[in-house]
Each structure stands twice: as C-alpha cells, then as structure tokens.
Amino acid sequence: LQGIFVLGLPYALLHSGYSGLLLIVLAAALCCYTGKILIACLYEENEDGLLVRVRDTYEDIANACCKKPSPNLGGIVVNVTQVVELIMTCVLYLVVSANLLSHSFPYVAVTGKTWSVIAFVTLLPCIFIRTLKIVSKLSQLCSLVHFVIILVVITYCLTQMHQWSWAKFRLSLEFENFLVSVGVIIFSYTSQIFLPTLEGNMKNPGEFRCMLNWTHFFACILKTTFALTAFLTWGEKTKEVITDNLPSFLETLVNLCLLTKALLSYPLPFFAATEIVYSCISKDNHSSYRSPQLALAVRGSFLLLTLLMAMFTPHFALLMGLSGSVTGAAMTFLLPSLFHLKLKWKKLSFLEKCADISVFILGFLCSLAGIVCSIKGLLEVFG
C-alpha cells in the first residue's frame with residue numbers, strides 16, 4: 001500500500017507546502033517509534049532480568065492488556081480491526097488494477113467491472129499460497145517494480161531541472177486539504193500490522209530495532225527526494241497520482257509497472273487476513289483448521305469478497321478514507337501507544353510516558369479529522 005500512497009506525496013506537498021517536507025520526516029520518526037514500542041510489548045523480563053518473547057501476535061498483546069474486563073475482548077477488537085483494514089487494502093489493489101488496465105488499454109471496449117474480473121482472475125493463484133516465504137518473494141518483486149517506477153519519475157524530473165522554482169511552494173494552507181495531506185503522508189509509512197510476524201521470523205530478532213531505524217531513514221530520504229523533485233517539476237499542475245503528469249510515452253509504461261506492483265502487492269494483506277481467520281478457527285476446531293478443503297474455501301471466499309466489493313461498492317475511495325482513518329490510525333498510533341503504557345507503565349521513564357501519551361493524542365486527532373472529512377465527503381456525494 002505504501003507504493004500507492006508514495007505516488008500521492010507530490011500532490012500532498014501541493015496542499016501542505018513547506019510543512020509537508022517536515023511532515024514526511026516527522027511521520028517516519030513516529031511510525032518507527034510506534035513500531036518499536038509495539039514489538040517491546042511482545043517481551044517481558046524473566047527472573048534473571050533477561051527479555052523473553054512471551055507473546056507472538058498483535059492479538060496476544062491486546063488480550064494481555066484486557067485480562068481483567070475480558071480475556072479475549074482485546075484480541076477480538078484487534079482481529080476485527082486488522083481484517084477490515086486488510087480486506088479494504090486488498091479491495092483497493094483490485095480497484096487500482098482495474099483502473100490501470102482501463103487507462104493502459106483505452107481503445108478496448110471493456111467496462112470497469114470487466115477489468116476488475118480480469119484482474120481478479122490473475123490473482124486466483126493466491127488461493128494456493130500457504131507460507132510467508134512465497135509472499136516474501138512476491139514482495140521482493142513488488143519492491144523491485146516500485147524502485148523502477150520511482151527511478152523513471154525522478155529521472156524524468158531531473159531532465160526538467162531548468163524549470164524548477166521554490167516559489168511553487170505555498171505559504172498559506174487550506175485546513176481540509178492540509179488534513180488530506182497529513183493522511184497521505186502518515187499512512188505512506190504504516191506497517192505495524194505485519195511487524196510482530198516479521199520480527200518473529202527474523203534470523204536475529206535482536207537486529208529488529210536497527211532494521212526499523214535504517215528502513216525508515218532510507219524511506220524518508222527516498223520519499224522526500226521523490227515528492228520534492230516531482231512537485232518542483234509540475235507545481236500547481238501536480239495531479240493526485242503523479243504518474244498522470246508524465247508524458248504519454250512514459251505514462252503507459254509506468255501504468256503497466258504500477259499494475260504489476262498492485263497485483264504483486266495483493267498477496268501480503270490477503271495472506272495476513274486469511275492467517276488471522278485461520279488462527280481464530282483453530283482455537284475452536286483444530287482438526288477443521290488443518291483441512292485443506294476448508295483452507296481453500298476460506299481463501300476463495302476472501303478473494304470473491306474483495307472482487308464483489310471492488311465491483312459494487314459505491315464511492316469506494318471515500319469509504320476507504322473513512323475506514324482508513326479509523327483502522328489505520330488505531331493500528332498505527334492509538335493501540336501501540338496505549339498497549340505500551342498499559343504493559344510497561346511501571347518501567348517507563350517520565351519522558352517515555354509523555355512520548356506515548358503525545359503519540360496517542362496525535363493519533364486520535366488525526367483519526368478524528370479524517371473521519372470528519374470522509375463523512376463530510378460522503379454526505380456531499382449522497383446529497
């Protein structure tokens with residue numbers, strides 16, 4: 001999903017001006033911090049004072065925080081939130097794929113729904129994905145395509161350096177447009193849903209914090225460079241998806257690369273969502289959980305659900321914004337800071353407590369603002 005949001009960063013700069021550059025850096029720092037405190041919640045000190053991994057998933061952390069009111073309440077809330085966000089992400093990839101197919105082949109007399117079905121057919125092999133190893137290889141290919149897209153756009157922008165001007169940056173801001181920019185910038189870094197599984201599968205989990213620091217640092221550099229060069233090139237003419245600004249001979253090439261990226265990105269949230277469902281089923285009926293037929297049925301149902309939502313959900317972009325403001329902010333800012341305060345309160349310093357509380361408040365405000373803007377948009381659409 002980060003790749004899709006990255007393509008909107010130049011448009012975010014159009015509405016946020018100089019503050020957008022600061023937001024890109026701040027968002028990287030905040031998301032890196034919440035990733036670290038989320039993983040810290042997986043560990044507890046043993047009798048010898050050594051950290052031991054006593055929890056494996058986001059659900060385990062939530063259940064540990066909600067033991068007194070209900071042992072399973074926290075896990076249920078987290079699982080529902082994760083599945084909703086992951087399903088919406090999968091649907092977004094299908095919608096984007098259909099749109100890219102339509103733009104790449106404008107002379108083919110095919111409706112948007114038909115393009116969705118064509119994209120869906122290419123994703124049918126996802127039913128047979130059983131391990132994270134396969135997903136990781138697909139994600140590597142996705143990252144490679146992503147860098148090709150970024151390289152093409154930046155290279156073209158560098159050829160237009162003669163027309164760059166810092167005067168294109170705005171000093172005055174419109175509040176609602178600024179909030180949209182905040183959402184795009186912040187959610188271009190979100191990955192907290194996958195971090196417990198990622199850390200648990202590392203050969204050396206002790207290097208997780210270092211890995212998180214470097215990945216967010218390089219992501220910040222890359223995103224700042226990309227957004228800045230693209231905005232300086234097109235200025236006020238910057239479009240929501242920056243590839244639409246490219247000349248036609250490059251736009252078709254980049255759109256096909258984006259299509260490949262969207263299709264390669266689909267398996268990760270799809271696999272994560274089905275794994276959550278499997279883990280819930282296994283608690284009630286372990287033998288059924290191991291049934292290959294049930295596994296295929298669940299994966300097939302998820303695929304079909306995402307197709308139907310992509311084809312028939314009206315005003316999906318606004319609904320995606322609404323759900324993203326709720327689930328995205330919750331999983332990225334609200335819950336990690338809340339869980340960290342709950343589980344580590346006695347061991348946290350004053351500054352650490354202030355940091356967690358500040359992140360929680362910031363996440364709440366971002367979520368509230370996003371909800372208000374999305375609902376306002378939906379009300380305007382429905383008249």
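This is a predicted model: local features need pLDDT of at least 70, side-chain atom pairs count only at pLDDT 80 or more; totals for chains, interfaces and linings use all residues.
Me: Salt bridges, then. How many are there?
Reply: The count comes to five salt bridges, where a salt bridge is a side-chain nitrogen of Lys or Arg within 4 Å of a carboxyl oxygen of Asp or Glu.

Me: What does Glu199 pair with?
Reply: Glu199 forms a salt bridge with Arg53, and the closest N and O atoms are 2.8 Å apart. This pair links distant parts of the chain, with Glu199 in helix 9 (residues 195-200) and Arg53 in strand 2 (residues 51-53), 146 residues apart. Helices (H or I, at least four residues) and strands (E, at least two) are DSSP runs, numbered from the N terminus.

Me: Is Glu199 buried or exposed?
Reply: Glu199 counts as buried, at 2% relative accessibility. Buried means under 20% relative accessible area, exposed over 50%, and partly exposed in between, with a 1.4 Å probe and protein chains only. Arg53 counts as partly exposed, at 26%.

Me: Why is Lys347 called exposed?
Reply: Lys347 is called exposed because its relative accessible area is 53%. Glu45 has 46% and is partly exposed.

Me: Which residues are linked in a network of salt bridges?
Reply: Glu44, Arg55 and Lys344 are linked that way.

Me: Switching to helix packing. At what angle do helix 5 and helix 14 pack?
Reply: Helix 5 (residues 73-104) and helix 14 (residues 292-312) pack at about 60°, and their axes are 9 Å apart. That makes helix 5 oblique to helix 14. Axes are lines fitted to C-alpha atoms, for helices over the stretch in contact, and angles run from 0 to 180 degrees between N-to-C directions. Angles under 35 degrees count as roughly parallel, over 145 as roughly antiparallel, 65 to 115 as roughly perpendicular and the rest as oblique.

Me: Is the crossing of helix 5 and helix 14 left-handed or right-handed?
Reply: The crossing of helix 5 and helix 14 is right-handed. A crossing is left-handed if the near helix is turned anticlockwise from the far one by less than a right angle, and right-handed if clockwise.

Me: What about helix 7 and helix 10, at what angle do they pack?
Reply: Helix 7 (residues 132-158) packs against helix 10 (residues 208-234) at about 40°, with axes 9 Å apart. That makes helix 7 oblique to helix 10. Helix 7 passes helix 10 in a left-handed crossing.

Me: Where are the axes of helix 3 and helix 8 relative to each other?
Reply: The axes of helix 3 (residues 18-40) and helix 8 (residues 175-186) come within 9 Å and cross at roughly 40°. Helix 3 passes helix 8 in a right-handed crossing.

Me: Now the surface. Which residues form the nonpolar patch?
Reply: The patch is formed by Ile357, Ile361, Phe364, Leu365, Leu368 and Val372, with about 530 Å² of accessible area together. Patches are made of residues with over 30% relative accessible area and no salt bridge; like charges are joined within 9 Å, and nonpolar side chains (Val, Leu, Ile, Met, Phe, Trp, Tyr) within 5 Å. Accessible areas come from the Shrake-Rupley method with a 1.4 Å probe, and for residues only the protein chains shown count as cover.

Me: Where is Ile361 found?
Reply: Ile361 is found in helix 16 (residues 350-382). Ile361 is partly exposed, at 45% relative accessible area.

Me: How many residues of helix 4 are buried?
Reply: In helix 4 (residues 58-65), seven of the eight residues are buried. Among them are Tyr58, Glu59 and Cys65.

Notes: Residues are numbered from 1 along each chain as its sequence is written. Side-chain values use heavy atoms; hydrogens and water are left out.
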